Amino acid sequence: MSQHTGRFTAAASARTAEGWRLERLTPPSRLFGANGLRTGADGRLYVAQVSGSQVSAIDVDSGAIEVISPKGGDIVAPDDIAFDDDGNLYATEITEGRIGMLGRDGRYRVINGDIPVANPITFHQGRLIVGECRPGGRIMELDRNDGRARIIASDVPMPNAFSVGPDGKLYFPVMGTNEIWRVDLAGGAPEKVAGELGVPDSVKFDAQGFIVSTQVASGQVLRIDPQTGERTLLAQLTPGLDNCSFIGERLFVSNISGYIVEVLKDGTTRELVPDGFNWPLGLAVDDDSSLYVADGAFSWRLRADGTRASLGHLFALGYPGYSRGVARSGPGAFVVTTANGDVARYRPDAPSSEVLASGFDQPYGVAVVPGGAVVFAELGGGRVLSVANGTVDTLASGLHQPSGVAVDSDGTVYVSESAGGRVVKLARGKAQTVIDGLQQPQGLLVHAGALHVLDAGRKELVCLNLGSGARDVLATNLPVGAPAGVVPKALGAIGTLSGPMGPFAGLAADADGTLYLSGDAEGSVLALRQRS
């Protein structure tokens, strides 16, 4: 995929203090994630967005996007969608473990609330069929009135987006075995259709009755003969592909990172929705002034000219997991915290990762202290901990959702309490307030004798001079935190792939004094520079 280059106008409402200027390094994302795709009766492409926690519809000719179910609405973290003959929309809400229906009248109700890792869904001849994308997953038909389930197949190793074929059988990708299977809708033993793929995660059918399947690990779009298993490469895209859908004979493909393309007959693509960030989350500056961007299922290197390159993704070997906080840890190495509760050292050029400590409740911000110990905030546990040589020590406990951490050159540890509205300094196991009156402080940074904190609630960047104690607001109305008027619903875990997924607006600084901010409300990275 082509990557964005150049500079972009800063958020229109943002304001900076005198002597500073704000610019976007990347444009805002048009979609926050792109997962399940389904063609509606109106000819538009409907998109389920897990990280965006919304459903959108796209006019594939004009590119116009309409939000159908907004963030903060009834549908939470939709992974796949389907329509019945009356135009009602059904969604698998993967973090909630449920199937919801949004009626044409705008009313929402839960069909079944006991579908762990609810993911694939389809509607066929009056029958609603759903599945669980987990080891030992079930595929079942649901009664649309009372939600009762009839098992079609069980103990399936991670089934994903499926379709009923021309022969009336259900065809489904099995991610755990790297195969595609089929089963009679009445039940019985499934049979293998194709194997040794690129980790298939969707199955649809073209007008000629051939399977079209996206491969999440290899980035391939394959056309497969359901009778022989013979396959043809339709397009080679980037890893992270999630789903596909036809509008007539036009094929559209989604990627978890948020882009959607049309695959043309010659194997080239037409960009419908450009690639973007899902959040982004933590930031760290490398020796060459490139920026490491932790974006959950993906991590990126953002260069000074605005181009970006993948540093890894959730389905790549050596990737540490769904990444949030990040700090540089020596040449070619970074320390990250993951939604699975790990603290790991990641070497993206290898690629390889080493778990330094695990089993924590929502670790977020991370920093490296002089001497090499790693300090991190455990939001769910209310603690700040350090790990060195395999030993974990508690530096402070009883904090109110600690989120960001920063370390001064003398080893002093600072922590932002996202639910406490303050930044504290840790001294002999006690927390001393250094900045208060905040709303939802997250990203934290010590740079050039000043403590910077990104307040996602007030949408401000606050600076405290550690020498004089002078406090300034460097920027306001920043695109961080929840958009105005939106009360987001917490996103839970996705089976074994990810623990709870929460926002985090990170901060980093370059040697020249440039401050970098995660514009997670719009999916951009911003730079705040002093005017020359």
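This is a predicted model: local features need pLDDT of at least 70, side-chain atom pairs count only at pLDDT 80 or more; totals for chains, interfaces and linings use all residues.
# Reading side-chain features

Student: Which side chain does Lys-192 meet in a salt bridge?

Tutor: The general idea is that side chains of opposite charge can pair when their charged atoms come close. In this structure the partner of Lys-192 is Glu-179, with 3.8 Å from N to O. The pair links distant parts of the chain, with Lys-192 in strand 18 (residues 191-195) and Glu-179 in strand 17 (residues 179-183), 13 residues apart. Glu-179, for its part, is buried, with a relative accessible area of 17%.

Student: How many salt bridges are there by this rule?

Tutor: The count comes to 29. Among them is the one between Glu-141 and Arg-127, at 3.2 Å from N to O; because Glu-141 lies in strand 13 (residues 137-142) and Arg-127 in strand 12 (residues 127-132), this pair ties together parts that are 14 residues apart in sequence. Glu-141 is buried at 17% relative accessible area, whereas Arg-127 is partly exposed at 26%. Another is formed by Arg-383 and Glu-378, with an N to O distance of 2.6 Å; here Arg-383 is partly exposed, with a relative accessible area of 26%, and Glu-378 counts as buried at 3%.

Student: Which residues are linked in a network of salt bridges?

Tutor: The network is made up of Asp-61, Arg-250, Glu-262 and Arg-270.

Student: How many aromatic pairs does the count give, and what describes such a pair?

Tutor: In general, the distance of the centres and the angle of the planes describe a pair of aromatic rings. The count here comes to eight aromatic pairs. One of them joins Tyr-46 and Phe-83, edge-to-face, with 4.9 Å centre to centre and 75° between the planes. This pair links distant parts of the chain, since Tyr-46 is in strand 4 (residues 45-49) and Phe-83 is in strand 7 (residues 78-83), 37 residues apart. Tyr-46 is also buried, with a relative accessible area of 8%.

Student: Why is the pair of Phe-360 and Phe-376 edge-to-face?

Tutor: Their planes stand at 70°, with the ring centres 4.9 Å apart, so the pair is edge-to-face, because planes over 60 degrees apart are placed in that class. Phe-360 lies in the loop between strand 34 (352-357) and strand 35 (363-368), and Phe-376 lies in strand 36 (residues 374-378), so the pair ties together parts that are 16 residues apart in sequence. Both Phe-360 and Phe-376 are buried.

Student: Where does the charged end of Arg-324 sit?

Tutor: The charged end of Arg-324 sits over the ring of Tyr-364, 3.9 Å from its centre, and Arg-308 likewise lies over the face of Phe-277, at 4.6 Å from the ring centre.

Student: Is Ile-256 buried or exposed?

Tutor: Ile-256 is buried, with a relative accessible area of 14%, and its place is in the loop between strand 24 (250-255) and strand 25 (260-263). Leaving aside neighbours within four places in sequence, Ile-256 is in contact with residues including Gly-33, Val-216, Asp-242, Phe-298 and Phe-315.

Conventions: Residues are numbered from 1 along each chain as its sequence is written. Side-chain values use heavy atoms; hydrogens and water are left out. Rings of Phe, Tyr and Trp (its six-membered ring) pair if their centres lie within 6.5 Å; planes under 30 degrees apart count as stacked, over 60 as edge-to-face and the rest as tilted. Helices (H or I, at least four residues) and strands (E, at least two) are DSSP runs, numbered from the N terminus. Buried means under 20% relative accessible area, exposed over 50%, partly exposed in between (1.4 Å probe, protein chains only). A charge sits over a ring if NZ of Lys or CZ of Arg is within 6 Å of the ring centre and within 35 degrees of the ring normal. Contact means heavy atoms within 4.5 Å. A salt bridge is a side-chain nitrogen of Lys or Arg within 4 Å of a carboxyl oxygen of Asp or Glu.
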